[in-house]
Amino acid sequence: REAIDRLKKKGMHELANPQLVGAQAVILMTIVFDEEQTDRVLRGPGGALEALQQGSTVIVMSTVSPKYCQRLSEEAAAKGVTLLDCPVSGLRAGAKAGTLSLLIGGDMAAIERCTAALKPLGNIMHCGDIGMGQVMKLANNAMAIGTFSMLLEVRDLVRGYDMDIE
């Protein structure tokens, strides 16, 4: 609620449910916690997907499974709606600075149509077909977690020999 109230002061218009948003959107971006929340926003009661007009685009920015995005893309396409998967990397600092990495899977022409909406968020990186943005995000997370784990092991090694960690 706090974020909504803050954005309303900057001119955001709040609507009662995702369906009302979908009825007005040409480009609809979702960035919620997981697949369940994404599904509620898009497919649930009062969901946006049924209200989106033919020719509009949905950009799923949460980290969800590649297969989920592929199935959702097929469903959207049957309604004449394009779906892009676009998980982000760069943490809160990147979001504030507009320097997120936007790992996008989907049709390049659709990405180009959405560039003006995406560019203020960060760097657009086309990763391939639908779902491949998610694959890249999972690979990125695996590298980050592996590197962090290795760093912890190295710190333990250094401490084990009584070396000053600084």
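Guide: A pocket is an open set of points on a 1 Å grid over the protein atoms alone, where a 1.4 Å probe fits and protein lies on both sides within 12 Å along at least five of seven lines; its lining residues have an atom within 4 Å of a point. The model here is predicted, so to speak of local features pLDDT must be at least 70, and side-chain atom pairs count only at pLDDT 80 or more, while totals for chains, interfaces and linings use all residues. Residues are numbered from 1 along each chain as its sequence is written, and side-chain values use heavy atoms, without hydrogens and water.

Visitor: Glad to be here! In what order do the elements of the chain run from the N terminus on?

Guide: Helices (H or I, at least four residues) and strands (E, at least two) are DSSP runs. The chain has seven helices and six strands, and its C-alpha atoms fill a box of roughly 65 × 40 × 30 Å along the principal axes. From the N terminus on, the order is α-α-β-α-β-α-β-β-α-β-α-β-α.

Visitor: Which elements give two or more residues to the lining of the largest pocket?

Guide: The largest pocket holds about 1,300 Å³ of space, a volume being what probe spheres set on the points fill, with points joined across faces, edges and corners. Its lining has 25 residues, and Ile4, Leu7, Met12, Met29 and Ile31 are the closest to the centre. Two or more lining residues come from each of helix H1 (2–8), helix H2 (18–24), strand E1 (27–30) and helix H5 (91–97).

Visitor: Are H4 and H7 roughly parallel or roughly antiparallel to each other?

Guide: Helix H4 (residues 66–78) packs on H7 at about 165 degrees, and their axes are 8 Å apart. Axes are fitted to C-alpha atoms over the stretch in contact, and angles run from 0 to 180 degrees between N-to-C directions. Under 35 degrees counts as roughly parallel and over 145 as roughly antiparallel. H4 and H7 are therefore roughly antiparallel.

Key: Parallel < 35°, antiparallel > 145°, perpendicular 65-115°, else oblique.
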